[in-house]
Amino acid sequence: MMNQKKQFLFLVMAVAAVFTGAQAQNIQNNPGSNHGNKFEQLGTILPTPNEYRTASGAPGPKYWQQRCDYDIKCELDEANLKLTGSETISYFNNSPNTLTYLWLQMDENQHSTVNNANYQSSNSMPKTMNASNVDKLEESGSDNGYGFKIEKLTDALGKALKYTINKTMMRVELPTPLKPGQKFAFNINWNYKISDRFKYGGRGGYEYFPEEGNYLFTMAQWYPRLCVYSDFQGWQNHQFTGRGEFALTFGNFKVQMTVPADHMVGSTGECLNYAQVLTPAQQSRWAKAQTAKEPVQIVTLDEAKKAEGNKSKTKKTWIFKADNVRDFAWTSSRKFIWDAMPAYVESKKVMCMSFYGKEAYGLYSKYSTKAVAHTIKSYSKFTIPYPYPVAQSIEASNGMEYPMICFNYGRTEKDGTYSEATKYGMLGVIIHEVGHNFFPMIINSDERQWSWMDEGLNTFVEYLSEELYDNKFPVRRGPAFAITEYMKLPKDQLEPIMSNSENIIQFGPNAYAKPATGLNMLRETIIGRELFDYAFKEYARRWAFKHPEPADFFRTMEDASGEDLDWFWRGWFFGTDACDMAIDSVKYFKADANAPLQGDTVVFKKVDKPMVPAFDDISKQRNREEKIKFLADADTALQDFYYRYARGLEPVDTTTYSVPVPATTERVDEATKEKVNGKYFYEVSFSNKGGLVMPIIVEWTFKDGSKQIDRVPVQIWRHNEKSVSKVFMKDKEVASLKLDPLRETADIDETNNTWGTMPAPSKFAIFKQKQQARGQSSGITPMQKAQEKKKGF
């Protein structure tokens, strides 16, 4: 009999022979190349590094960007639904180039029938002809009166400047060339009709409440503002169609808004004259809120209701100042309840506030300001410390973001009740929109060109923040399994993430969900939390208050993590292939030290056997392992019926929906003490049917019920992108195996992921999975999906 050491040596030789044969087969299958095309470096696909943007992804030694300051005075005419304004703009040319003209964005022209971008899409005859359809057809050939009306445009001395309006852009010709290092100041007087957001769409405008005759104004894209002039593009003057959002220049703002005297105003920046616009009682509450542990109502529900019925005929002027911001937005209404409390980020106080009407009182008074505070603290953990003094959430039946202020939704039914979907939809949109303070308000990417750089990165950190809010938060975007319905779509319904905003068909999944999912896969599955978090924070630190491009992000993530991720950017961001890995075959051998020898070859006994899966989201699993204290557990005021129901603290029909869990008793096998004898060997063949390469994650279920997961790095595919095989040595006999048991790789077909007979899930489990996948991949909000019976609180 061959001794143990010699037997082990021959075993190694036998295993090596298996791999050698596999490699030879790979070369034969790919005769035109000796490397994997999917693992090619991005090379010239990315722009050439230079003195402005380095190969490491950091700003270069000669990086520059422009600055633009605004001093604006405006007046809101509620009776005539009109805004009139005058602004002094100071533009600083920090570029190395001499400029002969400036480009300004005229976003309000989106609503004009003569000066809109005129990007038309294919359409068909509507099933029903309603007022909205008729309006659109009539307005296409006539001037509807909307859009900016320029009253006067002069230099600082009052001399008229020549200008040209091209749809949603305006070119101002400079009287003398603006050389590097110089400043040019000029004045613009303008007005426009404020549009009905619910009729014409868009981000700014008004909402009318006919039962009481009141308005809620959301003033966004409301003033002529400078386009970005950059090292990589020159002027970003692509037309505003309503989809691709904004590219904006940092600067300092002072804004004075004259509004009806009974209106409350929320705004970007800090108010300079609360003493003149608030009552003594409101000033006292504002002072109390500065050190409060819970939200303090500066304007109460009773005060808001009283204001709704007694409309003032006089006016007040509110004055706000904001430094180093890229934009400025505000809201005004007599309907507002206003509450506030401080949050602390690295010992710096940030006033977190909410403005909302009585329609949202049952949700916003309890959740909104606390959600704002949670968001700025959570995002600060994953990016940079929140730098601004204010963060606020405005309930406006909307979802849009600006520096220090955002517009959200979340109204109860008239009886004060709300569905669970409405509650979580509201929390999700508040976290998302407040989170936009970081992407793109601080890390200031070009939204007009690359929606994913703000929406995708923000949705990713939103997902992390929702997980930290409540470990049972019904997240819609982030987990890999939630993107699979989108990835299954035919190729003619997909575009790469690296697509211009105007050209995307499936905008929600493409710009929000897929980038967020990809980053979560990098963090949890490909490079790990520690490396990813360090690199992601480095990107935020490098590009805070600057203008990053995609290559800056890709290069920084690789530079700071020490991982070559070109294969991932190529497949997930530049491509549309899906992940569909399959187990093609399993060859199962057992070394037998007592078997007769045939020459110098170890004899294996072939065995055939089957197996069992399990599912638990990997992020939730690791959050439990790290013993994270979730906000909803720590703050009992946030716990409602749905919180208790999810934890079995409210009655639940366990007899109908219980799902058996297989036992997992670990067995100690004496054979593990031996080098070879009694070991089990499995040669598993995998195929890449979807085209997208991903790490191979295999869960082994042993005959004793215990489980083990092996993770094979993605580079196993580099020599053959279509099929590979791998030999595994196990101490115990395997009953079954499953690919991607925690659903980490967005595999679109799980039916080919198992070897053996898998137990079928219950009908209820299947229903839950389908509903979850459908909601998370469609981009439909939880509020729109809410069908369940409302609960009373």
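Modeller: One cut-off before we start: a polar contact here is a pair of N or O atoms within 3.5 Å, where, within protein, one must be able to donate a hydrogen and the other to accept it. Keep in mind too that this is a predicted model.

With that cut-off in hand, go to Asp-577. The side chain of Asp-577 makes such a polar contact with the side chain of Lys-38, at 3.4 Å. In sequence, Asp-577 and Lys-491 are 86 residues apart, yet their C-alpha atoms are 8.3 Å apart in space.

Leaving out residues up to four places away in sequence, Asp-577 touches both of those lysines plus Met-487, Gly-690, Gly-691 and Leu-692.

As for where it sits, Asp-577 is in the loop that runs between helix H14 (566–573) and strand E24 (581–591). H14 itself is mostly covered, with seven of its eight residues buried. Those buried residues are Asp-566, Trp-567, Phe-568, Trp-569, Gly-571, Trp-572 and Phe-573. They pack against helix H9 (452–469), helix H10 (484–487), H11 and helix H13 (550–561).

Helix H11 (residues 507–526) and helix H12 (residues 529–543) have axes that come within 6 Å and cross at roughly 130 degrees, so the two helices are oblique to each other. On the H11 side, the contact is made by Leu-519, Leu-522, Arg-523 and Glu-524, and on the H12 side by Arg-529, Phe-532, Asp-533 and Phe-536. Sort the residues of that contact by type and you get four nonpolar, four charged and no polar ones.

Now zoom out to the whole protein chain. Its secondary structure comes to 20 helices and 31 strands. The chain has 793 residues, of which 56% are buried. Among its contacts with a separation of 6 or more, 77% are between residues 24 or more positions apart. For the surface, the chain exposes about 34000 Å², and carbon and sulfur atoms supply 51% of that.

Key:
Residues numbered from 1 in each chain as written. Predicted model: local features only at pLDDT ≥ 70, side-chain atom pairs only at ≥ 80, totals over all residues. Heavy atoms only, no water. Helix = DSSP H or I, 4+ residues; strand = E, 2+ residues; numbered from the N terminus. Contact = heavy atoms within 4.5 Å. Buried < 20%, exposed > 50% of the residue type's maximum accessible area, 1.4 Å probe, protein only. Areas by Shrake-Rupley, 256 points an atom, 1.4 Å probe, with all protein chains shown as cover. Axes fitted to C-alpha atoms, helices over the stretch in contact; angles between N-to-C directions. Parallel < 35°, antiparallel > 145°, perpendicular 65-115°, else oblique. Nonpolar A, V, L, I, M, F, W, Y, C, P; charged D, E, K, R; others polar.
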